[in-house]
Amino acid sequence: MSTDLVRATVTDGVLHLQLNRPDKKNALTRAMYTALADALDAARVDPAQRVVLFSGAGSAFSAGNDIADFAASRGRVDEVARFIGLIVDYPKPLVAAVHGAAIGLGTTMLLHCDLAWAAPSARFKTPFVDLGLVPEAGSSLLMPRAFGYVRAAQMLLLGDTLDADTAAAWGLVNGVVPEADLLAVATAAARKLATRAPAALRAAKALMRGNIRAEVLAAVQVEGDRFKEHLTSPEAMEALTAFMQKRAPDFSRFE
Ligand code: COA
C-alpha cells in the first residue's frame with residue numbers, strides 16, 4: 001500500500017503513514033488521498049494494524065489540499081471526501097506528529113485524531129475563506145465546540161495562524177515537544193495504544209466520539225456540498241489562480 005508520496009510502514013501494531021512530498025510541503029493531491037484512504041481501509045480490518053500514526057516528511061506536516069490539483073479538479077473531489085469519510089468515523093485510534101506547516105486539512109484532520117503532538121515549529125492554519133472556499137472535515141462544527149466560537153472564527157473566518165503553544169492551549173494537540181523527539185513521543189503513545197485490549201479501545205473511542213457522531217457526519221455532508229459549489233466559483237478561481245501566480249487574490253469585484 002506504500003507509494004512514493006505516502007510511505008506506509010507497520011511496526012509493533014502501528015501503521016505509520018508518512019506524507020512524503022516534501023518539495024511541495026506535503027500538499028495533498030487526489031492520488032495521495034487515495035493512497036491514504038486505501039491504507040486506512042486495509043488497516044481497519046487488519047488485526048495486526050491497531051493504531052494509525054500520521055506524520056510528514058521534510059519541513060512540514062502538510063500544506064493541505066494541493067491547490068493546482070484542486071483548480072484542475074473542476075469540483076470533482078471524491079478522493080478527498082473518501083479520506084475525510086474514513087477519518088471522521090475511524091474505529092481505531094489515530095495519532096499525529098505535527099511539525100512545520102499544518103494547513104487546511106493538515107489542521108482539520110487533527111480534529112479527528114485521538115492524540116497529537118506538535119513541534120515548536122508547527123503552524124496551524126485553515127485559510128478556506130482566503131481561498132474562496134468553506135470549512136471542511138466537520139471543522140465548522142468541531143472547531144467552535146472545541147475552541148469556542150470566537151477562536152474558531154479567528155481560524156475559519158480570519159484565517160489566522162496558530163503557533164504550537166496556542167494549539168496546545170486550545171486543545172488541538174496534547175502538547176509541544178522538541179522537534180528531535182516529536183516522532184518518538186507520538187510513536188511511543190501509538191505503540192502503547194497498540195498494546196491495549198483492542199475491543200475495549202475501539203469501544204471507548206466509539207463512546208467518546210459517539211455522542212456527536214451523527215452531527216459530525218451531517219456537518220461533513222453539508223460542508224462537502226458547499227465546498228464543491230464554492231470550488232468552481234469565480235471567487236475560488238481567483239484565489240486558486242492567485243496562489244499559483246504567487247500574488248495576492250483580489251476579491252474587490254465580487255459582491
Ligand atoms: N498546493 C500546491 N502547492 C503548494 C501548496 C499547496 N497547498 N503549498 C505549498 N505548495 C508548493 C509551493 O507552490 C512551492 O512550490 P514551488 O517550489 O514549485 O514554487 C512549494 O510547495 C514550497 O512552498 P513555499 O510556499 O515556497 O514554501 P514556504 O515555506 O514559503 O511556505 C506554506 C509554506 C505551506 C506556508 C505555503 O506554501 C502556503 O501557504 N501554501 C498554501 C497552503 C494552503 O492554502 N493550502 C490549502 C488549504 S485548503
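L240 is buried, with a relative accessible area of 1%, where buried denotes under 20% relative accessible area, exposed over 50% and partly exposed the range in between, calculated with a 1.4 Å probe on protein chains only. The structure is a predicted model, in which local features need pLDDT of at least 70 and side-chain atom pairs count only at pLDDT 80 or more, whereas totals for chains, interfaces and linings use all residues. Residues are numbered from 1 along each chain as its sequence is written, and side-chain values use heavy atoms, with hydrogens and water left out.

L240 is placed in helix α11, which spans residues 234–244; helices (H or I, at least four residues) and strands (E, at least two) are DSSP runs numbered from the N terminus. Apart from neighbours within four places in sequence, L240 is in contact with I67, A71, L131 and L231, contact meaning heavy atoms within 4.5 Å.

By C-alpha position, L172 is separated by 31 Å from E238, a residue 66 places away along the chain.

Packing between helices was examined for α1 and α3. Two packed helices are described by the angle between their axes and the distance between the axes. Helix α1 (residues 30–44) packs against helix α3 (residues 78–88) at an angle of about 35 degrees, with the axes 8 Å apart; axes are lines fitted to C-alpha atoms, for helices over the stretch in contact, and angles run from 0 to 180 degrees between N-to-C directions. On the α1 side, the residues that meet α3 include Y33, L36, A37 and L40, and on the α3 side V80, F83, L86 and I87 are among those taking part.

The ligand is surrounded by 16 residues, of which K24, A63, N65, I67 and K246 are the closest, a residue being counted as near if one of its heavy atoms lies within 4 Å. A polar side-chain atom of K24 is placed 2.6 Å from an oxygen atom of the ligand, and a polar side-chain atom of K246 lies 2.8 Å from an oxygen atom of the ligand. For N65, a polar backbone atom is 2.9 Å from a nitrogen atom of the ligand.

How values were computed: Polar contact = N/O pair within 3.5 Å; in protein donor to acceptor, adjacent residues only side chain to side chain.
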